[in-house]
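Please read them with the structure open.

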Amino acid sequence: MFVMELPQSVRTILSVLRDNGHRGVLVGGCVRDACLGYAPHDFDIATDATPPQMQQAFRDFRVLETGLRHGTLTVLIGHEPFEVTTFRIDGDYPDHRHPENVTFTTRLEDDLARRDFTVNAMAYDGATLIDPFGGQADIQRRVLRCVGDPATRFTEDGLRILRALRFAAVLGFSVEPQTAEAVRRQRELLSKIAVERLYAELKKLLAGKNAFAVLRSFADVLRVFLPELSDSGIQAVEKTGEDWLLRLALLLCSADAEAALQNLRAEKKTVRAVLQLHTTELTDARHLLASLPSEQAFRRVDFAAARGEISAEAADRLRAELRQLADEKPCLSLRELAVNGRDLEALGLCGREIGQALALLLEEVLSGRLRNDRKTLLGEIERRQRQRSPI
Ligand code: ATP
Ligand code: MG
């Protein structure tokens, strides 16, 4: 028998609904994750109560009513928000993404039928699993399958095509043959979807444990919105862990990555990080840490290893050196140097000399010849001034 452990806050919401004569169930990702044996990361609740009935039932609670028109009341327990949503039937989807209208319903089965995949279309009422589409059996078989006819479901909402690949990658599931066939046949529907939504799903896909298998099998589907996707990039992903940023950089290796990422409306910091991986020279661990934040330095090594630029042994050696340096907390960049421009000005340096002196000190620290403390560094400059050595 399926039993799901529920936090007290969720139990409270379910019992408030029950005490007010309504049905309340958990739906979607949390039920799926619990069936898989994973701890759910959030709990979505669905109910037969209409929006006004929900407002009435939760009148003694702090609530947010911003989603109420679409049937969602956010209930705050402590500071934690929980979305409680009226059972819905979606109307037609004229734009292949958004239903024209939603109708509230009192039938849980109708609400489950509008959901995308069998594993996402289960509900739990605190005692019993409600599973009209065989989600639990698909979990056991590790199969991702559309609820109903895949072609119809993808025509309604093209984003589901990418969601299918995302869940297959994250859960490590295979895509059921009819669902897979419709994914391939209807892939062009992805071109009608807002890129922000595609990009958000792509990142989740790339963080999935099965991303390589999905990329290999469905590259042409992804190329509808990411034509830059290269076969050699996909091959390189095979040798990586679950790091979406590293994988994105590998996939865009042989393309104008900046343009590709801008088309996807990627965040500025992602664009910067990908370009850093593409352009930073791989020398030794100290220089790597001098030019990159430590997380990126490690990623740069992974990037080189995945592309076969360096051997697995060389990568291991570099990672060990990076770890050791990180433990020593050495000075890594000009900003972290124990002296700054003003200190050098006080010693009588001016103009370009200051920048040159700082660069020189940084190099001395990085190479391990000088310790990064103020006294040592100022002493070094004074020594050079006395000896008239170049600065
Ligand atoms: P995650 O762990 O990533 O949050 P999730 O299953 O909760 O996974 P959400 O995108 O948060 O995914 O959606 C919540 C639920 O809403 C899904 O489980 C599914 O039942 C339904 N759903 C979401 N998006 C769609 C969609 N485009 N079409 C049909 N049903 C959807
Ligand atoms: Mg969710």
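1. Ligand 1, polar contacts. Arg166 has a polar side-chain atom 2.7 Å from an oxygen atom of ligand 1. The side chain of Asp157 places a polar atom 2.8 Å from a nitrogen atom of the ligand. Arg115 also takes part: an N or O atom of its side chain is 3.1 Å from an oxygen atom of ligand 1. A polar contact here is a pair of N or O atoms within 3.5 Å; within protein, one atom must be able to donate a hydrogen and the other to accept it, and residues adjacent in sequence count only if both atoms are side-chain atoms.

2. Basis of the model. This is a predicted model, in which local features need pLDDT of at least 70 and side-chain atom pairs count only at pLDDT 80 or more, while totals for chains, interfaces and linings use all residues. Residues are numbered from 1 along each chain as its sequence is written, chains are lettered from A and ligands numbered from 1 in the order in which they are written, and side-chain values use heavy atoms, with hydrogens and water left out.

3. The sheet. Seven strands make an open, mixed sheet in the order β3-β4-β5-β2-β1-β8-β9. The edges are β3 (62-64) and β9 (129-130); each has a single partner strand, so one side of each is left without a neighbour in the sheet. Strands are DSSP runs of E with at least two residues, and helices are runs of H or I with at least four, both numbered from the N terminus. Two strands pair if DSSP finds at least two bridges between them.

4. Pairing from β3 to β5. β3 and β4 (residues 72-77) run antiparallel and are joined by three bridges, with Val63 opposite Val75 of β4. β4 is also antiparallel to β5, over six bridges; here Leu76 has Pro81 in β5 as its bridge partner. The hairpin of β4 and β5 has two residues between the strands, and Gly78 takes a positive phi near 60° in it. Five of the six residues of β4 are buried, so this strand is largely enclosed by the rest of the structure. Buried means under 20% relative accessible area, exposed over 50%, and partly exposed in between (1.4 Å probe, protein chains only).

5. Pairing of β2. Strand β2 (residues 44-47) is antiparallel to β1 (residues 24-27), with four bridges between them; Asp44 in β2 is the bridge partner of Val27. With β5 (residues 80-86), β2 pairs in the parallel sense over three bridges, and Ile45 has Val84 as its bridge partner in β5.

6. Helix α20. The 14 residues of α20 (residues 374-387) should span 20 Å at 1.5 Å a residue, and the end C-alpha atoms are 20 Å apart, which agrees. The expected span is 1.5 Å times one less than the number of residues. Which residues of α20 are buried? They are Leu377, Leu378, Glu380, Ile381 and Arg384. The face turned away from the buried side carries the exposed residues Lys375 and Arg386. Arg388, which follows α20, has a positive phi near 55°.

7. Helix α9. The buried residues of α9 include Leu198, Tyr199, Glu201 and Lys203. Buried residues of this helix pack against α7 (159-171), α10, α12 (244-251) and α14 (268-279).

8. Two single residues. Arg300, in helix α16 (residues 294-306), is buried, with a relative accessible area of 5%. Leaving aside neighbours within four places in sequence, Arg300 has contacts that include Leu277, Thr280 and Glu309. Ser217, in helix α10 (residues 211-222), is partly exposed at 38% relative accessibility. Its C-alpha atom is 9.8 Å from that of Leu165, 52 residues away along the chain.

Definitions and conventions. Contact means heavy atoms within 4.5 Å.
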